[in-house]
There are 2 protein chains.
Amino acid sequence: MLNELDLIFHKEKERYIEDLKDFLRIPSVSGVSNHIGDVRNAAQFLASHLKKIGFPYTEIVQTSGNPIVFAEWIVSIEKPTVFIYGHYDVQPVGDLSLWVSPPFEPEIRNGNIYARGASDNKGQLWIHITLLDALVKAKGSLPFNVKIVIDGEEEIGSPNFLSFLKSYKERLDADFVLISDTAMLSEDQPSVCVGLRGLLGFDIIVDGPSKDLPSGLYGGAVQNPIHALIELLQSMKDKHGRITINDFYNEVVPITNQERKEMRSLHVDDEKIAEQLGVPALFGEFGFSTVERQWIRPTIEINGISGGNNQTIIPSRAVAHVTCRLVPNQRPEQVFELIQRHVLQNTPAGVRVTLKKHSEACPYVAPINHPVMQLAKQAYTYGYGKEALWIRAGGSIPVVEMLAGCFGIPIVLMGFGLPTANVHGPNEHFPLTNFEKGWRTLSWFFINMEKVFCNL
Amino acid sequence: MLNELDLIFHKEKERYIEDLKDFLRIPSVSGVSNHIGDVRNAAQFLASHLKKIGFPYTEIVQTSGNPIVFAEWIVSIEKPTVFIYGHYDVQPVGDLSLWVSPPFEPEIRNGNIYARGASDNKGQLWIHITLLDALVKAKGSLPFNVKIVIDGEEEIGSPNFLSFLKSYKERLDADFVLISDTAMLSEDQPSVCVGLRGLLGFDIIVDGPSKDLPSGLYGGAVQNPIHALIELLQSMKDKHGRITINDFYNEVVPITNQERKEMRSLHVDDEKIAEQLGVPALFGEFGFSTVERQWIRPTIEINGISGGNNQTIIPSRAVAHVTCRLVPNQRPEQVFELIQRHVLQNTPAGVRVTLKKHSEACPYVAPINHPVMQLAKQAYTYGYGKEALWIRAGGSIPVVEMLAGCFGIPIVLMGFGLPTANVHGPNEHFPLTNFEKGWRTLSWFFINMEKVFCNL
């Protein structure tokens with residue numbers, strides 16, 4: 001069967017790439033009004049394509065934003081069901097002058113296909129779609145049940161996705177979710193992402209005098225809201241990068257020696273990263289390696305701060321936009337309570353402090369002992385000649401947290417992107433070798449999937 | 001002679017006020033290009049007026065900005081010479097809808113004249129000009145030498161004034177400078193300002209990664225420039241409002257018990273001020289009263305701070321705009337050296353810090369034992385029935401520091417403004433009683449001035 005799929009791939013490869021180019025030509029940028037038509041065209045393009053492959057049910061689901069493409073093929077209730085998630089929307093292109101070839105005129109150079117969305121997510125999604133096509137070609141039907149959901153607003157935080165999940169909940173019932181929208185550790189080291197940090201975002205607003213005051217007249221007599229804000233912020237973290245909010249680390253699951261050993265084996269070159277980022281040295285919580293700090297340690301980060309101007313004034317107000325990244329088993333609402341308590345106990349004299357929560361997401365950890373997770377890890381051996389490593393990511397992917405919260409099934413993140421692919425930047429690309437290796441990896445995964453679920 | 005002047009005042013009062021209204025009708029706002037013509041008209045108006053009074057020499061001195069009006073009347077080298085400083089430019093009017101009557105259509109309501117510039121400085125300057133007119137009317141000539149300089153850029157920091165002073169230095173030689181451009185302590189408590197704080201302004205620029213980084217991916221791994229900036233700022237001041245930069249207070253002249261006693265006698269109501277400013281309580285350096293903190297203690301004030309935005313990023317840069325108010329005998333260049341040393345010793349890991357000095361002024365203290373200072377204090381008894389108090393001001397008046405630095409003669413700050421006169425705000429006004437009381441105060445001062453300088 002695998003040989004058969006390989007043969008089909010080599011026969012159809014050229015057409016697959018041509019179809020992907022057609023997909024990439026649609027400038028389906030989300031979040032900007034002048035691309036609304038393109039976004040609808042992209043949804044239409046996918047729905048037609050899935051119908052052509054043989055999906056008996058396809059629907060363009062209208063939302064209050066961009067539509068979601070949903071297709072379903074139930075071959076037998078005895079067979080396992082995979083829920084494939086992807087997205088057809090892309091990021092804005094930014095400064096056009098930085099692109100070697102126009103972002104919506106896909107071009108192949110040095111074995112890479114260059115276009116906005118080439119990696120994120122059209123190219124990776126195309127592996128799934130063409131593989132489903134090949135499976136149908138080989139067998140006349142799919143060997144398992146597929147529910148495919150293609151989002152049109154992933155790049156703007158999927159604001160309408162949760163209500164879609166809720167209204168289609170029963171219909172979307174599946175054994176696991178499969179997503180190819182993350183990057184591998186490096187070109188020659190595949191990886192499966194098994195953890196994401198959660199998020200808690202809030203603003204700290206410090207109010208002092210009812211209007212800006214001249215700093216000559218009042219300097220020394222009233223608390224300056226900026227001083228008060230920095231005193232408060234400074235009280236939350238020490239010089240060694242450790243968060244000093246009481247009980248903040250209480251719920252953090254300690255890292256096992258095994259995990260720690262694995263992370264240390266990744267050979268991260270701090271000096272090289274520092275050079276790439278343009279900083280004199282990396283910096284983070286004392287006692288943890290860079291990877292540990294990024295993946296399994298919580299943070300408090302001031303994303304923005306503002307107050308006053310460049311006149312000689314004492315400003316009336318100062319504001320900081322703060323986000324915490326959370327790790328298992330921290331919960332955003334609980335951490336927010338700790339922060340509220342801390343602020344109450346540490347409010348500087350002479351000002352009023354207000355906290356405003358604006359975003360939250362729970363951390364996600366995959367059940368790595370689940371057989372489908374083990375299968376995902378092994379599958380890369382067929383595509384890349386090397387088993388994948390478990391990795392975590394420092395960020396938060398809202399869709400993953402929504403899916404995990406809604407269904408309680410494993411979310412398998414088998415990414416084929418590269419950290420060097422300029423995702424969201426100019427000259428985004430996707431290596432054609434990754435298209436092929438990814439295709440082979442997933443074909444092995446799909447063929448062996450049935451065994452896993454029959455043994456359960 | 002004083003009676004004679006009083007009679008002239010009552011005879012001419014109506015005309016004086018009408019002339020002042022004409023002056024106030026000229027919208028001589030400095031620093032905005034669409035008032036360049038008005039600024040020139042105001043200078044012309046003053047020059048003509050001074051000529052009409054009898055000044056044998058008047059000049060509209062061109063600068064690279066707004067012109068300066070200069071007039072000179074040397075009656076005898078035996079007589080004392082007073083250098084009168086004032087300014088004809090005014091602040092922008094701000095939100096017009098907040099004005100009860102239009103800012104450039106002077107209107108008298110409840111005994112106050114309402115207009116932009118009514119107090120600052122046209123109204124107060126008009127006391128001098130009409131009094132010179134009355135002296136000439138009484139005697140046919142002035143009883144002392146006058147050099148009058150009227151600035152057109154005071155409200156924008158007098159950027160061209162120092163070079164004017166330097167080129168007219170010999171011509172401007174005088175016994176003392178007289179300025180009426182400050183406020184009295186209150187309506188029924190006149191005061192003479194005998195001290196101004198100095199200024200040192202600088203930006204602290206903290207650079208981290210060469211571009212903004214996603215806080216998910218890099219949060220915890222690199223120093224956040226905002227965190228570094230607040231750590232650095234926080235290291236400069238403690239919770240009790242005391243500046244913690246090494247040697248910062250070394251040059252501060254200790255306050256005498258006498259001064260302290262006088263300041264305490266001012267009966268400042270902290271709670272009332274807090275209520276007026278809209279803060280829960282006043283706050284400042286531990287161990288000093290509010291007035292002491294405002295007048296004779298140095299400060300470090302963050303006037304503005306900025307960095308990042310409300311996205312989930314680690315920003316590339318964060319900047320603070322900082323000013324210190326300095327007191328005798330602190331010198332801005334010396335304090336800046338201390339700050340440079342402090343920054344060097346306290347730069348947080350993982351970032352680069354740059355300091356950029358942008359303003360400096362020495363503190364000013366009047367020679368209160370000089371007879372002309374004593375005379376100024378006594379003069380208020382004639383106008384207000386009460387001797388003036390020595391007060392200091394927390395701010396810095398660049399012109400005063402330029403004059404003091406250039407001539408080394410006493411700068412006599414006999415203000416007739418009120419703290420409640422909405423200077424720089426909407427509905428600026430000047431009480432006509434203060435015009436009259438100020439006029440009488442200055443007439444006593446001028447008539448008695450000769451005695452002082454003959455006795456020297």
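The model is predicted, so local features need pLDDT of at least 70 and side-chain atom pairs count only at pLDDT 80 or more, while totals for chains, interfaces and linings use all residues. Residues are numbered from 1 along each chain as its sequence is written, chains are lettered from A and ligands numbered from 1 in the order in which they are written, and side-chain values use heavy atoms, with hydrogens and water left out. Helices (H or I, at least four residues) and strands (E, at least two) are DSSP runs, numbered from the N terminus. Buried means under 20% relative accessible area, exposed means over 50%, and partly exposed lies in between (1.4 Å probe, protein chains only).

**Salt bridges**

- Side chains of opposite charge can pair when their charged atoms come close.
- Over all chains, the whole structure holds 46 salt bridges, each defined as a side-chain nitrogen of Lys or Arg within 4 Å of a carboxyl oxygen of Asp or Glu.
- In chain A, the side chains of A:Asp6 and A:Arg440 form a salt bridge with an N to O distance of 3.1 Å. This pair links distant parts of the chain, 434 residues apart: A:Asp6 sits in helix α1 (residues 2-24) of chain A and A:Arg440 in helix α13 (residues 432-455) of chain A.
- A:Asp6 is buried, at 13% relative accessible area, whereas A:Arg440 is partly exposed at 24%.
- In chain B, a salt bridge joins the side chains of B:Arg15 and B:Asp19 (3.3 Å, N to O). Both residues belong to helix α1 (residues 2-24) of chain B and are four residues apart, about one turn of the helix.
- B:Arg15 is partly exposed, with a relative accessibility of 32%, and B:Asp19 is buried at 14%.
- B:Arg317 and B:Asp207 also form a salt bridge, with their closest N and O atoms 2.8 Å apart. B:Arg317 is in strand β13 of chain B and B:Asp207 in strand β9 (residues 198-207) of chain B, so the pair ties together parts 110 residues apart in sequence.
- B:Arg317 counts as partly exposed at 43% relative accessibility, and B:Asp207 as buried at 17%.
- Salt bridges with shared partners join A:Glu12, A:Arg15, A:Asp19, A:Asp133 and A:Lys137 into one network.

**Charged surface patch**

- A surface patch of negative charge is made up of A:Asp269, A:Asp270, A:Glu271 and A:Glu275.
- Patches are made of residues with over 30% relative accessible area and no salt bridge; like charges are joined within 9 Å, and nonpolar side chains (Val, Leu, Ile, Met, Phe, Trp, Tyr) within 5 Å.
- A:Glu275 lies in helix α8 (residues 270-277) of chain A and is exposed, with a relative accessible area of 67%.

- The expected span is 1.5 Å times one less than the number of residues.
- Of the 18 residues of α3(A), 16 are buried, so this helix is largely enclosed by the rest of the structure.
- A:Gly140 follows α3(A) and has a positive phi near 80 degrees.
- Helix α11 (residues 371-384) of chain A has 14 residues and reaches 20 Å from its first C-alpha to its last, close to the expected 20 Å.
- The buried residues of α11(A) include A:Val372, A:Met373, A:Lys377, A:Tyr380 and A:Tyr384.

**Backbone geometry in loops**

- The peptide bond between A:Pro328 and A:Asn329 is cis, with omega about -5 degrees. A:Asn329 is in the loop between β13 (317-326) and α10 (332-346) of chain A.
- In chain B, a cis peptide bond runs from B:Pro328 to B:Asn329, with omega near -5 degrees. The loop between β13 (317-326) and α10 (332-346) of chain B holds B:Asn329.
- A:Asn110 is not a glycine, yet has a positive phi of about 50 degrees. A:Asn110 lies between β4 (107-109) and β5 (112-114) of chain A, in a loop, and is exposed at 75% relative accessibility.
- B:Asn110, also not a glycine, has a positive phi of about 50 degrees. B:Asn110 is exposed at 73% relative accessibility.

Note on methods: Accessible areas come from the Shrake-Rupley method with a 1.4 Å probe; for residues, only the protein chains shown count as cover. Lys and Arg count as positive and Asp and Glu as negative; His and the chain ends are not counted. The place of a charge is taken as NZ of Lys, CZ of Arg, CG of Asp or CD of Glu.
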